[in-house]
Amino acid sequence: MSGSADRRSRFAFVLLCSFATATTPAGAAAATPLTMEEAARLAAVDQPLLTGRQAKIRAEEQQAVAAAQLPDPQLSGGLKELPIDTPEAFSTRRDNFTEFTIGLSQEFPRAEKRRLEGARKQLDADADRASLDNEQRMVRRDASLAWLDVYETERGLKLTRRLADEATLQVQSLEKDYSNGKASQADWFAAKTDAGLAADKAHDWLHHELRMREALARWIGDDARRPIAESLSMPGYLTPLPGLIAGADHHPVIGNLDKQIEASATEVALARQSYKPDYSVEIYYAYRRDFADFVGIQFKVGLPYFTRNRQDRGVAAALEQSHASEDRKRDVLRELHAQISQDYVDRRHFQERVADFDAAIIPDAEHRVEAVRNAYQSGRGGFDTVLLARRSLLDVQLQRLALAVESARAQVRLDYWSASQTASGESP
C-alpha cells in the first residue's frame with residue numbers, strides 16, 4: 001500500500017511539473033532572468049488602466065476649452081399677429097399687423113463666469129493627472145509585489161526539491177543497508193515516509209508558483225513565464241522615517257486632493273457669480289406681404305432678486321463642499337502617515353530578523369544536521385533524529401525566505417509612498 005501511494009504521489013508531482021512546462025513558452029528556460037525592477041517597468045507598458053486615465057484627461061482638457069466659450073447663437077422664426085376672428089381671419093395678406101419673422105439671438109454669460117467654468121473643468125483634468133501619477137506608482141507597486149510572490153514560491157520550491165532529492169538518496173542508501181542487514185526496517189520506512197512528505201511539499205510549492213505566475217501575468221503578460229532572478233536586491237539604506245512622512249505631503253494622492261480643494265474654491269466663486277445677471281441680445285427681421293417690413297432688436301437681462309432660496313443656498317452648499325474637501329485632505333494625511341510608519345516598522349523589523357537568521361539561526365541549524373548525521377553514521381544516534389534535524393533546517397530556511405520577502409514587500413510599499421525607485425543594493 002505504501003509503495004502504491006508513493007507512486008501515485010510521484011505521478012501527480014510529475015504531472016504538475018509537465019503542466020508547468022507546457023505553460024512556459026519555448027525558450028523561456030534560456031531567457032534573461034526577470035528582476036523585480038524590470039517587472040515593474042514592463043507593467044507600465046501598454047497598461048489599459050493607465051491609457052484609459054490618459055484618455056479621460058485629454059477629454060477633460062477639451063471640455064475645459066469648450067466650457068469657457070460663449071453659448072452657440074440661436075436662430076428663430078415664426079408667424080406673428082395672425083387674425084382669427086375678423087373678416088380677415090387666417091389671412092396673411094389682409095391685416096397689416098401680420099408678419100413673418102426670422103431672428104438671431106445670442107446669450108452673453110459674464111466673462112468671469114465663463115472663465116471659472118473653464119478653470120473648473122481644467123482642475124478636473126489636473127486632478128486626474130495626479131490620479132494618473134498615483135496609478136502609475138500603484139502599477140509598479142502591485143507588479144513588484146506580484147513578482148515577490150513568484151520569487152517566494154520559486155525559492156520555496158527549490159528548497160523543498162533539494163530536500164526531496166536528499167530524502168530520495170537517503171531511501172536508496174537505506175534500502176541497500178536494509179538488504180545487507182545494516183539498517184532496520186523502521187529506519188527504511190521512516191526514510192520513505194520522509195521522502196514522500198518532501199515530494200508532497202514540493203508539489204504544493206509548485207502549485208503556488210503556478211498560481212502566482214498567473215497573477216504576475218495580469219501585469220506583464222507572457223514575461224511572467226520567464227525565470228525569476230536569484231537575488232533579491234533591495235536598497236541598503238533606509239530613509240529615516242521623518243523624511244518619508246514629509247515626502248507623503250507631496251504624494252499624488254494629496255495632489256489630487258489639493259486639486260479638489262481648488263475645484264471647491266472655484267465652485268464657491270461660481271456660486272457667487274450667480275448674483276450677477278447674464279444678458280442676451282436678439283435681432284430680428286419681420287416680413288409683411290403688401291405692407292412695410294420691420295427690423296428690431298431686443299435685450300434680456302436676468303433678475304436675481306429672490307436670492308434667499310437660490311443663490312444664497314448655492315453659495316452655502318459650495319462653502320460646505322470646500323470645508324469637506326479640506327477635512328478629507330487632513331484625514332488622508334493622517335492615514336498616509338500611519339501607513340508609512342507601519343511599513344517603516346515592518347521594514348526594520350523583518351530586516352533585523354533576517355540578519356539574525358543569517359548570523360546564527362541558519363548556521364546553527366546546519367551544524368545540527370551535520371552533527372546528528374555524523375552521530376548516526378557512527379552508531380551513536382537514531383535515524384529519526386536525522387530526519388527531524390533535516391526538516392527543522394528546511395523550516396528555518398523557509399522562515400528566512402518569508403522574512404526576506406516580507407522585508408522586500410515593506411520596502412516596495414515605502415517606495416510607493418515616497419515614489420523612490422527600487423535601487424540595487426545588498427540582498428536582504
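Trainee: Which residues of helix 5 meet helix 9, and which residues of helix 9 do they meet?

Mentor: Contact means heavy atoms within 4.5 Å. Helices are DSSP runs (H or I, at least four residues), numbered from the N terminus. Here helix 5 contributes Asp 187, Ala 190, Ala 191, Asp 194, Leu 197, Lys 201 and Trp 205. Helix 9 contributes Phe 383, Asp 384, Leu 387, Arg 390, Arg 391, Leu 394 and Leu 398. By class, that contact has 8 nonpolar, no polar and 6 charged residues. Ala, Val, Leu, Ile, Met, Phe, Trp, Tyr, Cys and Pro count as nonpolar, Asp, Glu, Lys and Arg as charged, the others, Gly among them, as polar.

Trainee: What are the ground rules?

Mentor: This is a predicted model; local features need pLDDT of at least 70, side-chain atom pairs pLDDT 80 or more, while totals for chains, interfaces and linings use all residues. Residues are numbered from 1 along each chain as its sequence is written, and side-chain values use heavy atoms, without hydrogens and water.

Trainee: At what angle do the axes of helix 5 and helix 9 cross?

Mentor: Axes are lines fitted to C-alpha atoms, for helices over the stretch in contact; angles run from 0 to 180 degrees between N-to-C directions. For helix 5 (residues 185-220) and helix 9 (residues 383-418), the axes come within 10 Å and cross at roughly 15 degrees. So helix 5 is roughly parallel to helix 9. Angles under 35 degrees count as roughly parallel, over 145 as roughly antiparallel, 65 to 115 as roughly perpendicular, the rest as oblique.

Trainee: Is the crossing of helix 4 and helix 7 left-handed or right-handed?

Mentor: Left-handed means the near helix is turned anticlockwise from the far one by less than a right angle; right-handed means clockwise. Helix 4 and helix 7 cross left-handed. Helix 5 passes helix 9 in a right-handed crossing. The axes of helix 4 and helix 7 (residues 252-273) come within 8 Å and cross at roughly 170 degrees. That makes helix 4 roughly antiparallel to helix 7.

Trainee: How many salt bridges does the structure hold?

Mentor: The structure holds 34 (a side-chain nitrogen of Lys or Arg within 4 Å of a carboxyl oxygen of Asp or Glu). Lys 158 and Glu 230 form one, 2.4 Å from N to O. Lys 158 lies in helix 4 (residues 111-179) and Glu 230 in the loop between helix 5 and helix 6 (241-248), so the pair ties together parts 72 residues apart in sequence.

Trainee: Where is confidence lowest?

Mentor: In helix 1 (residues 2-22), at a mean pLDDT (the predictor's confidence in each residue, from 0 to 100) of 45. Where pLDDT is low, the predicted coordinates should not be read in detail.

Methods. Helix = DSSP H or I, 4+ residues; strand = E, 2+ residues; numbered from the N terminus.
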